[in-house]
Amino acid sequence: MSADTTGLITEAELDQLEAFLFSSAVSEDALDLIGAHGLLCAINISPVKIPEQEWVDLLFESEPKWESDAQKAEVMALLRKLNHTIAADLYSDEEILLPCDLTLDVDEEEGVAELTIWAQSFMEGVFLREEEWFGDDEETIAGLLLPIMVSSDLFDDPEIIEVRQDRALSEEMAEQIPDVLVDLYLHYHSPEK
């Protein structure tokens, strides 16, 4: 893959994709744009390739009620473009810009921090191939994933709960997530020294 900047998703296209993911055409359990971004970050970092249909099924939960084949083609093209943009950023060592603030402050409307939604979706991507993620060096990977695991609020491990209860520490970890993504990507995809 080249770090070609053609075909990167635009703000207008992100808005279009977000509108579709919020529409009644998709299941209430489908991921929103923040969740889709989290999942696709994990898909691109994954030590093994995840087939497109597998992550699309996870993202939508059930087949959307497409208005037409043209709408389906357009939305799928936007998802591929978002996926390609994340891949290009990781490949070129760019810091990944998350579609939410790096804070665990709870969103009044959602009742949960947007970063928690992002982190939960990222972990969904990890769980698709958990054995491969942790296989070669569980301790290192668990250490790298810790800020995302803490932010996800999915784990009842005492160490993670302790960090989660320390507001300053969990916020500090949340801010490390963009760097963690680069470190994880390099762990699996940089050429052997």
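Read along the sequence, the chain follows the pattern α-α-α-α-α-α-α-α-α, with nine helices and zero strands in total, where helices (H or I, at least four residues) and strands (E, at least two) are DSSP runs numbered from the N terminus. This is a predicted model, in which local features need pLDDT of at least 70 and side-chain atom pairs count only at pLDDT 80 or more, while totals for chains, interfaces and linings use all residues. Residues are numbered from 1 along each chain as its sequence is written, and side-chain values use heavy atoms, with hydrogens and water left out.

**Overall form**

- Taken along the principal axes, the C-alpha atoms fill a box of roughly 50 × 45 × 30 Å.
- Of the 193 residues, 45% count as buried (buried means under 20% relative accessible area, exposed over 50%, and partly exposed in between, with a 1.4 Å probe and protein chains only).
- Among contacts with a separation of 6 or more, 71% join residues 24 or more positions apart, a contact being heavy atoms within 4.5 Å.

**Helix packing**

- Helix 2 (residues 33–45) and helix 9 (residues 167–189) pack at an angle of about 30 degrees, with their axes 9 Å apart; axes are lines fitted to C-alpha atoms, for helices over the stretch in contact, and angles run from 0 to 180 degrees between N-to-C directions.
- That angle makes helix 2 roughly parallel to helix 9 (under 35 degrees counts as roughly parallel, over 145 as roughly antiparallel, 65 to 115 as roughly perpendicular and the rest as oblique).
- In this pair, Cys41, Asn44 and Ile45 of helix 2 meet Leu181, Leu184, Tyr185, Tyr188 and His189 of helix 9, and the residues of the contact divide into six nonpolar, two polar and no charged (Ala, Val, Leu, Ile, Met, Phe, Trp, Tyr, Cys and Pro count as nonpolar, Asp, Glu, Lys and Arg as charged, and the others, Gly among them, as polar).
- Helix 3 and helix 4 pack at an angle of about 105 degrees, with their axes 12 Å apart, which makes helix 3 roughly perpendicular to helix 4.
- Glu52, Trp55, Val56, Leu59 and Phe60 of helix 3 meet Val75, Met76, Leu79, Arg80 and Asn83 of helix 4, and by class this contact has seven nonpolar, one polar and two charged residues.

- Ser151, found in helix 7, is buried with a relative accessible area of 0%, and beyond its neighbours within four places in sequence it is in contact with Leu104, Leu115, Thr116, Ala119, Arg164, Ala174 and Ile177.
- Leu145, found in helix 7, is buried with a relative accessible area of 0%, and leaving aside neighbours within four places in sequence it is in contact with Phe122, Met123, Val126, Trp133, Phe134 and Leu184.

**Loop residues with positive phi**

- Most residues other than glycine have a negative phi.
- Glu61, in the loop between helix 3 (52–60) and helix 4 (69–91), has a positive phi of about 70 degrees although it is not a glycine.
- Asp153, in the loop between helix 7 (138–152) and helix 8 (158–165), has a positive phi near 60 degrees and is partly exposed, with a relative accessible area of 47%.
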